[in-house]
Amino acid sequence: MSMQQFVFAASAQGLMAQPGEPGYFYLGSAFPPLILSRVGFCGDILVSYSRNIQSDVDYARVLAGIFSVYGAPGKMQFSGDIEPGIAAGAFRATGNTLWARGADRVSMASAFDWRLYQGRLFRQQPASVTFETLNPCNL
């Protein structure tokens with residue numbers, strides 16, 4: 001997909017494609033102002049796509065889709081611990097899972113921050129997914 005095709009497709013869906021740093025566009029909505037994804041180009045060739053995932057709604061569906069196309073991940077990294085001190089009882093963890101097939105790469109990154117705050121569970125679980133192909137601009 002070329003940059004022009006991308007901008008046209010975004011517009012056809014009622015979205016905006018705004019140029020970002022060189023080689024990148026941000027896809028989003030004007031109202032409410034919201035960035036949905038970051039799209040990378042090498043020259044006029046689409047080479048990457050990244051977006052945030054809503055952990056409770058999208059994560060399992062996106063993960064199932066990746067498994068169905070790419071199979072088992074090639075690499076998984078996790079870290080996590082119970083925080084001592086002022087954040088006592090907080091559980092914080094990060095994970096990064098990578099898949100590769102031919103020139104294609106997929107990565108899912110997630111972070112978990114669960115803690116008690118004034119007797120209530122406070123939970124943040126940001127996650128993102130990135131699809132990319134070998135970038136001829138970086139070879």
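Visitor: Which exposed residues are on the face of helix 2 turned away from its buried side?
Guide: That face carries Ala 60, Arg 61 and Ser 68, where exposed means over 50% relative accessible area, buried under 20% and partly exposed in between, with a 1.4 Å probe and protein chains only. Helices (H or I, at least four residues) and strands (E, at least two) are DSSP runs, numbered from the N terminus.

Visitor: Before we go on, what kind of model is this?
Guide: This is a predicted model, in which local features need pLDDT of at least 70 and side-chain atom pairs count only at pLDDT 80 or more, while totals for chains, interfaces and linings use all residues. Residues are numbered from 1 along each chain as its sequence is written, and side-chain values use heavy atoms, with hydrogens and water left out.

Visitor: Okay, so which residues of helix 2 are buried?
Guide: Val 62, Ile 66 and Tyr 70 are the buried ones in helix 2. Looking down the axis of helix 2, you would find its buried residues within an arc of 45 degrees, so they line one face of the helix; the arc is taken from the directions that lead from the helix axis to the C-beta atoms.

Visitor: Why do residues three or four places apart point the same way?
Guide: An α-helix has 3.6 residues a turn, so residues with that spacing, three or four places, point the same way.

Visitor: New topic: how many salt bridges does the count come to?
Guide: The count comes to 3 salt bridges, a salt bridge being a side-chain nitrogen of Lys or Arg within 4 Å of a carboxyl oxygen of Asp or Glu. One of them joins the side chains of Arg 38 and Glu 21, at 2.5 Å from N to O. Arg 38 lies in strand 3 (residues 34–42) and Glu 21 in the loop between strand 1 (16–19) and strand 2 (24–29), so this pair ties together parts that are 17 residues apart in sequence.

Visitor: Is Arg 38 buried, exposed or partly exposed?
Guide: Arg 38 is partly exposed, at a relative accessible area of 30%, and Glu 21 also counts as partly exposed, at 31%.

Visitor: Which residue meets Asp 58 at 3.6 Å in a salt bridge?
Guide: The side chain of Arg 51 meets Asp 58 at that distance, N to O. Asp 58 counts as buried at 17% relative accessibility, and it also forms a salt bridge with Arg 61, with the closest N and O atoms 3.3 Å apart. Through shared partners, these salt bridges join Arg 51, Asp 58 and Arg 61 into one network.

Visitor: Last one: where is Thr 130?
Guide: Thr 130 is in strand 9 (residues 127–133) and counts as buried, at 18% relative accessibility. Leaving aside neighbours within four places in sequence, Thr 130 is in contact (heavy atoms within 4.5 Å) with Tyr 49, Ser 50, Arg 105, Val 106 and Ser 107.
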